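User: Can you take me through this one? I'd like to start with how the chains meet.

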Amino acid sequence: MATLTLPKHSFSSLLPSQTPRTPSSQSLSIVSKSSQSHFYGLKLSNSSSLPIPSSTPAKTSIVAKVSKGQVPPSFTLKDQDGKTVSLSKFKGKPVVVYFYPADETPGCTKQACAFRDSYEKFKKAGAEVVGISGDDSSSHKAFAKKYRLPFTLLSDEGNKVRKEWGVPSDLFGTLPGRETYVLDKKGVVQLVYNNQFQPEKHIDETLKLLQSL
Amino acid sequence: MAILSHHHNKYPLRSLQHVPTCHHQRRSHTRVTCSVTTTSTKPSSNPDQLIVEPGLDRLVSTPPPLVTPTSSPLLNDPSLQSTWSHRAWVATGCTTVMISLAKSMVAAANSHIWLEPMLAGYIGYILADLGSGVYHWGIDNYGDASTPIFGSQIEAFQGHHKWPWTITRRQFANNLHSLARVITFTVLPLDILCHDPTVQGLVGVCSGCIMFSQQFHAWAHGTKSKLPPPVVALQDAGVLVSRSQHGAHHRPPYNNNYCIVSGIWNEILDKHKVFEALEMVLFFKLGVRPRSWSEPNSDWIEETETHSQVTVH
């Protein structure tokens with residue numbers, strides 16, 4: 001279940017995407033070319049995520065969705081020690097923001113440990129790693145301690161930031177999605193990678209991108 | 001499946017060093033059994049065919065008391081031997097299956113159709129494997145001995161993980177009687193009500209495979225040199241679940257190779273992380289964690305010592 005989004009069209013593209021991302025899609029979700037818009041994008045999408053014909057659809061809703069080339073909405077969340085952390089703190093260096101379903105689940109543990117094991121490579125690239133899930137600070141603290149995670153885990157209670165960034169759910173909305181964003185030094189998204197059941201691939205893809213930045 | 005437990009912390013991390021001293025007990029009534037000897041009814045392994053009839057078992061047999069696994073069963077333990085009750089249930093189970101198959105064959109002959117019933121039989125064989133995996137996954141991961149209906153099965157499966165070799169010492173009817181009982185109650189109405197050769201073909205083969213899945217399971221725990229050559233041949237051909245495939249289920253992380261009829265579904269289900277996905281859905285929707293997510297405690301880890309004299313430090 002992996003999708004890689006490409007840049008969106010310009011501002012005139014409040015057009016529906018040609019192949020909207022579906023959670024179960026394995027294919028590249030080809031979205032039309034992007035402008036250099038620095039707004040986190042708005043797109044019209046059908047609520048059932050079917051491709052929308054060019055004629056006006058019967059039902060549309062506007063959803064905010066972070067894509068490549070955009071500046072994501074800022075957030076201020078508590079970390080595993082209860083301290084508030086803002087996204088702006090990381091400006092000036094690349095940052096890997098990875099949304100994961102929950103602490104102490106097999107995939108998330110694999111992913112966290114994979115980030116941990118490659119952390120030196122991320123440091124070498126000058127990047128920070130930040131994990132975000134809906135768990136509270138105490139859960140993050142225990143999770144980080146148990147697996148000796150050297151990076152920040154943020155508590156997105158109520159999954160507010162997840163919704164703001166438009167992280168898609170999997171399995172017909174039953175599972176919070178596993179999606180990673182790489183932001184460059186200017187805070188612009190350069191990669192969006194989604195893969196629920198192959199968590200280690202997030203590390204490979206993000207490192208690949210960081211090395212090219 | 002109403003076997004969900006909210007005891008997330010029921011199986012905390014524990015070192016083997018903390019296993020209490022176990023001494024060989026003679027003739028103990030507290031010996032663990034791996035078979036289902038109580039009133040649990042095994043639910044449908046094939047959701048399309050078999051229906052759980054909760055509580056019916058209680059009308060027909062008195063369950064022995066549930067026991068807490070304490071020590072390794074002796075090889076000649078009476079709980080491993082077949083009783084006449086066990087044999088009777090296996091006989092009734094076999095009878096209902098044979099009736100189903102016979103009805104299918106007779107109706108097929110009368111209608112001059114063979115392909116559809118045979119295909120249906122094959123589909124029944126395939127579905128039985130899938131059903132065995134789903135049931136096995138559920139029982140291995142959720143609930144405990146106190147879970148209604150399934151409690152004794154869950155306990156038995158945990159005992160099996162701790163002493164997997166016991167199944168090879170269990171006598172035939174002792175091993176199969178619980179499944180045979182469920183098959184009797186579910187297939188008998190179908191025998192009476194259904195006259196279609198294709199449906200009976202599917203029902204007969206599916207229920208037969210489910211009933212004998214415990215035997216296939218026992219063979220999967222056997223050693224090659226001690227198994228009958230035809231069984232080894234069938235295992236090697238992939239017709240029956242292989243020893244190596246099932247052996248992988250008994251090694252950490254204990255979260256794969258759940259199917260025990262032919263094992264044909266194991267690769268697909270494991271490769272596509274179907275059970276992991278189901279576990280995640282159940283976790284997010286109901287808040288229950290499967291046992292396979294936690295480090296197994298001593299009740300789960302296979303006891304390799306025949307004389308369990310583990311000293312507490």
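**Chain interface and local packing**

Analyst: Across the interface of chain A and chain B, the rule finds zero salt bridges (a side-chain nitrogen of Lys or Arg within 4 Å of a carboxyl oxygen of Asp or Glu). This is a predicted model, in which local features need pLDDT of at least 70 and side-chain atom pairs count only at pLDDT 80 or more, while totals for chains, interfaces and linings use all residues. Residues are numbered from 1 along each chain as its sequence is written, chains are lettered from A and ligands numbered from 1 in the order in which they are written, and side-chain values use heavy atoms, with hydrogens and water left out.

User: How many residues of chain A and chain B are in contact?

Analyst: On chain A there are 16, in contact with 11 on chain B; contact means heavy atoms within 4.5 Å.

User: And what area do they bury between them?

Analyst: About 1,100 Å², with 71% of it on carbon and sulfur atoms. Buried area is the accessible area (1.4 Å probe) that two parts lose on being put together, summed over both. Of the area that chain A buries against chain B, 41% is supplied by Pro106(A), Thr174(A) and Phe197(A), more than any other three residues.

User: Switching to chain B: at what angle do α5(B) and α6(B) pack?

Analyst: Helix α5 (residues 172-193) and helix α6 (residues 197-220) of chain B pack at about 170 degrees, and their axes are 9 Å apart. Therefore they are roughly antiparallel to each other, a label for angles over 145 degrees. Helices here are DSSP runs (H or I, at least four residues).

User: Which residues meet there?

Analyst: Among them are Phe172(B), Leu176(B) and Ile183(B) from α5(B), and Val203(B), Ile210(B) and Phe212(B) from α6(B). The residues of this contact divide into 12 nonpolar, six polar and one charged. Ala, Val, Leu, Ile, Met, Phe, Trp, Tyr, Cys and Pro count as nonpolar, Asp, Glu, Lys and Arg as charged, and the others, Gly among them, as polar.

User: Back to chain A. Is Ala144(A) buried or exposed?

Analyst: Ala144(A) counts as buried because its relative accessibility is 7%; buried means under 20%, exposed over 50%, partly exposed in between (1.4 Å probe, protein chains only). Ala144(A) is in helix α3 (residues 137-146). Leaving aside neighbours within four places in sequence, Ala144(A) is in contact with Gln80(A), Leu149(A) and Leu153(A).

User: Where is Asp136(A), then?

Analyst: Asp136(A) lies in the loop between β7 (128-133) and α3 of chain A. At 34% relative accessibility, Asp136(A) counts as partly exposed. Not counting residues up to four places away in sequence, Asp136(A) touches Ser155(A) and Glu157(A).

Technical notes:
Axes fitted to C-alpha atoms, helices over the stretch in contact; angles between N-to-C directions. Helix = DSSP H or I, 4+ residues; strand = E, 2+ residues; numbered from the N terminus. Parallel < 35°, antiparallel > 145°, perpendicular 65-115°, else oblique.
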